[in-house]
Amino acid sequence: MANVMFKIFRRNYFRDVFYKLIGRNKKLKIGFYGHPNSGKTTLANRMTTDWIGQPLGLVSEVPHETRRVYRQEHVTLKQDGLELDFDIIDTPGIATKIDYKDFLEFGLSEEEAKERAKEATKGIIEAIKWLDDVNGVLLVVDATQDPLTQANITIMGNLEARKIPFLIVANKIDLPQASTERIKAFSPSTGWSPSPLCRERMWKTCTRSW
Ligand SMILES: Nc1nc2c(ncn2[C@@H]2O[C@H](COP(=O)(O)OP(=O)(O)O)[C@@H](O)[C@H]2O)c(=O)[nH]1
Ligand SMILES: [Mg+2]
């Protein structure tokens, strides 16, 4: 996963694109958005561990493990004479429905499950507020699932309205049920089509906006 990110950065892809969009003097703040359990924290941890030697947040198979926004400032990537300094913002999963009963099957007590549901709801609101502060987003989708969901469409609609550039990242492609084709097909089906630049330099899947 991180190797692929390296390839993108080595080609100065993000740097060129973001600098063009936000200007050289502004700080790069990249938000990780997507469904609960799509792998946002895992990816953010890989990036921060590789580049600054420390993970950012907790990973769990129980949905909504991340219930507040975590920010790692000054993630500096040095590669081939290039230095890129940015902030990584890992957000709680965006879900359109949170039911505490769904957590019971993971062995949580009713009290714990209710508390988790309450915190997760607050976390979603916090994540949406953070859209005011990010200048680029990785929309992390689980490639074993159908990406055409209300939550993903809502996130993309928000990004589009705010003119925030984003990449769709097809995660969990190591699993046999994963389908990157379905993720690629997702862009046109929602009215977004990959730009020629994205097609050329695609990392797994890439959608419009630059
Ligand atoms: N097989 C596989 N599992 C992954 C991958 N990325 C994350 N996971 C697992 O998916 C679960 C949710 O990951 P997490 O990073 O907490 O998701 P988040 O809720 O989006 O932050 C955890 O059990 C991870 O180990 C991946 O690329 N492949
Ligand atoms: Mg998380």
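Helices (H or I, at least four residues) and strands (E, at least two) are DSSP runs, numbered from the N terminus. The figures show a predicted model, in which local features need pLDDT of at least 70 and side-chain atom pairs count only at pLDDT 80 or more, while totals for chains, interfaces and linings use all residues. Residues are numbered from 1 along each chain as its sequence is written, and chains are lettered from A and ligands numbered from 1 in the order in which they are written.

Figure 1. Glu 83 belongs to strand β3, which covers residues 82-90. Is Glu 83 buried or exposed? A residue is buried if 20 or more other C-beta atoms lie within 10 Å of its own, exposed if 12 or fewer, and partly exposed in between, with C-beta atoms placed from the backbone. Glu 83 has 9 other C-beta atoms within 10 Å and is therefore exposed. Leaving out residues up to four places away in sequence, Glu 83 touches Thr 76 and Lys 78; two residues are in contact if their C-beta atoms, placed from the backbone, lie within 7 Å.

**Figure 2. The chain as a whole.** The chain contains eight helices and five strands. Along the sequence they follow the pattern α-α-β-α-β-β-α-α-β-α-β-α-α. Of the 210 residues in the chain, 35% are buried. Among contacts with a separation of 6 or more, 70% are between residues 24 or more positions apart.

Figure 3. Two strands pair if DSSP finds at least two bridges between them. Strand β1 (residues 28-34) pairs with β4 in the parallel sense over five bridges, and Gly 31 stands opposite Val 137 in β4. Six bridges join β4 (residues 136-142) to β5, and these strands also run parallel. In β5, Phe 166 is the bridge partner of Val 137, and Asn 171 stands opposite Asp 142.

**Figure 4. Strand β5, covered on both faces.** Six of the six residues of β5 (residues 166-171) are buried. On one side lie Phe 166, Ile 168 and Ala 170, and on the other Leu 167, Val 169 and Asn 171. From β4 the chain crosses through helix α6 (residues 150-161) to β5, and this β-α-β crossover is right-handed: with the strands pointing away from the viewer, the path from the first strand over the helix to the second runs clockwise.

**Figure 5. The largest nonpolar core.** A nonpolar core is a set of buried Ala, Val, Leu, Ile, Met, Phe, Trp, Tyr and Cys residues joined through C-beta atoms within 7 Å. The largest such core has 35 residues, of which Ile 88, Leu 138, Leu 139, Val 141 and Val 169 touch the most other members. Which residues does Leu 138 contact, leaving aside its neighbours within four places in sequence? Leu 138 is in contact with Ile 30, Phe 32, Leu 167 and Val 169.

**Figure 6. The shell around ligand 1.** The shell around ligand 1 holds 18 residues, of which Gly 39, Lys 40, Thr 41, Thr 42 and Glu 61 come nearest; a residue is near a molecule if its C-beta atom, placed from the backbone, lies within 6 Å of it. Helix α3 gives the most to this shell, with three residues. By class, the shell has three nonpolar, 10 polar and five charged residues. Here Ala, Val, Leu, Ile, Met, Phe, Trp, Tyr, Cys and Pro count as nonpolar, Asp, Glu, Lys and Arg as charged, and the others, Gly among them, as polar. Glu 61 lies in the loop between α3 (40-52) and β2 (70-79). Glu 61 counts as exposed because it has 7 C-beta neighbours inside 10 Å. Glu 61 and Gly 39 are 22 residues apart in sequence, and their C-alpha atoms are 9.5 Å apart in space.

Figure 7. Most residues other than glycine have a negative phi. Asn 37, in the loop between β1 and α3, has a phi near 75°. Asn 37 counts as buried because it has 23 C-beta neighbours inside 10 Å. His 74, in strand β2, has a phi near 55°. His 74 is exposed, with 10 other C-beta atoms within 10 Å.
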